Amino acid sequence: MGFKNFKFSGLSTVAIIFLVLLSFSTGLPAREQGQFWQVTLRLQVQGDFRTGPATEKSGLYLLEAGCSGFLEEDGPDFIIYHLGSQLFRWEVRTADGQPFPGPILSPGLKLDYVEGKEEEINFYYSFDPEVIDCPADPAGHRIKLVLPDVPWSRVLEKMLWFKRKTISGQRTIELQRSQLTGKEIRKEFNWIEETSFQESSQLTVSQRSRVKIFLELTRCQQPPALRPGDGSGRRSVSAGPG
């Protein structure tokens with residue numbers, strides 16, 4: 001099972017029209033070119049899981065989510081102005097394709113932090129929640145699904161014998177700072193990772209996740225209506241979120 005290709009052209013067009021109208025309506029002078037970017041991050045995950053030996057369950061999950069906003073250069077780092085996040089697809093199914101029983105909490109995706117280094121720029125995102133608790137059958141058995149790796153997990157260290165390894169691909173979402181001299185940047189990141197952990201002394205869970213992240217930046221004028229400190233912007237610092 002695969003994912004369909006998609007484009008960001010609709011969001012980009014709306015954002016550009018929005019910026020142009022704001023510039024004319026306020027009469028404010030334009031900021032220097034190259035200091036402000038529209039950013040869109042979209043993630044696709046196709047994963048499978050299995051449990052044992054106490055209860056044998058297997059299945060798959062499919063996740064498509066995105067988030068968008070603007071970045072403003074702030075010395076070596078960046079201020080993030082969040083526009084919103086979207087959940088396009090979230091499915092948890094058994095190995096034979098049937099939906100898992102009962103309601104399952106949907107994860108949210110957010111771009112948390114953009115770290116500026118001398119030559120590189122790293123993009124960090126997070127899920128809320130990082131671990132999804134799922135009803136496995138009508139008898140009341142439950143299992144946990146661990147979403148792909150994020151740089152500052154706060155819950156996985158509490159799981160017994162948790163292990164994660166990257167099988168192939170690049171997990172770091174990184175751009176060269178020199179790329180910001182262009183008007184548009186598009187980059188795709190792919191990797192496969194495996195996780196295993198224990199729910200209890202008698203139940204283990206193993207997962208394999210195939211992850212794709214699409215990152216797009218478009219240089220633009222500063223939207224005059226977005227100001228740091230008014231609730232729409234979030235300042236990134238070199239140490240990352242606390």
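Ile 143 is found in strand E7, which covers residues 142-146, in what is a predicted model. Because its relative accessibility is 1%, and the cut-off for burial is under 20%, Ile 143 counts as buried. Ile 143 and Phe 49 are separated by 94 residues in sequence, while their C-alpha atoms are 10.0 Å apart in space.

Strand E7 is joined to strand E6 by 5 bridges, and the two strands run antiparallel. Within this pairing, Ile 143 of E7 is the bridge partner of Cys 134. Strand E6, made up of residues 131-135, is mostly covered, with 4 of its 5 residues buried.

## Gln 207 and its surroundings

Gln 207 has its place in strand E11, which spans residues 203-219. With a relative accessible area of 4%, Gln 207 is buried. A polar atom of the Gln 207 side chain lies 2.7 Å from the backbone nitrogen of Val 146, and Val 146 falls within the residue range 142-146 of strand E7.

Leaving aside residues up to four places away in sequence, Gln 207 touches Lys 144, Leu 145 and Val 146, and its contacts also include Asp 48, Phe 49 and Tyr 61. Also among the residues touched by Gln 207 are Glu 193, Glu 194, Thr 195 and Phe 197.

## The open sheet E4-E5-E9

Strands of a sheet pair through backbone hydrogen bonds, in either a parallel or an antiparallel manner. Here, 3 strands form an open sheet in the order E4-E5-E9, and the pairing is antiparallel. Strand E4 (108-116) and strand E9 (174-176) stand at the edges with a single partner strand each, so that one side of each is left without a neighbour in the sheet. From one strand to the next, the twist averages 20°.

Strand E5, which comprises residues 120-128, is joined to E9 by 3 bridges, and these two strands run antiparallel. As one example of residue pairing in this sheet, Ile 121 has Leu 175 in E9 as its bridge partner.

## Aromatic rings

A pair of aromatic rings is described by the distance of the centres and the angle of the planes. With ring centres required to lie within 6.5 Å, the count comes to 7 aromatic pairs. Ring pairs link Phe 36, Phe 70 and Tyr 81 into a cluster.

A charged side chain is also placed against a ring, since Arg 42 lies over the face of Phe 88, at 3.8 Å from the ring centre.

Note on methods
Residues are numbered from 1 along each chain as its sequence is written. This is a predicted model: local features need pLDDT of at least 70, side-chain atom pairs count only at pLDDT 80 or more; totals for chains, interfaces and linings use all residues. Side-chain values use heavy atoms; hydrogens and water are left out. Buried means under 20% relative accessible area, exposed over 50%, partly exposed in between (1.4 Å probe, protein chains only). A polar contact is a pair of N or O atoms within 3.5 Å; within protein, one must be able to donate a hydrogen and the other to accept it, and residues adjacent in sequence count only if both atoms are side-chain atoms. Contact means heavy atoms within 4.5 Å. Two strands pair if DSSP finds at least two bridges between them. Axes are lines fitted to C-alpha atoms, for helices over the stretch in contact, and angles run from 0 to 180 degrees between N-to-C directions. Rings of Phe, Tyr and Trp (its six-membered ring) pair if their centres lie within 6.5 Å; planes under 30 degrees apart count as stacked, over 60 as edge-to-face and the rest as tilted. A charge sits over a ring if NZ of Lys or CZ of Arg is within 6 Å of the ring centre and within 35 degrees of the ring normal.
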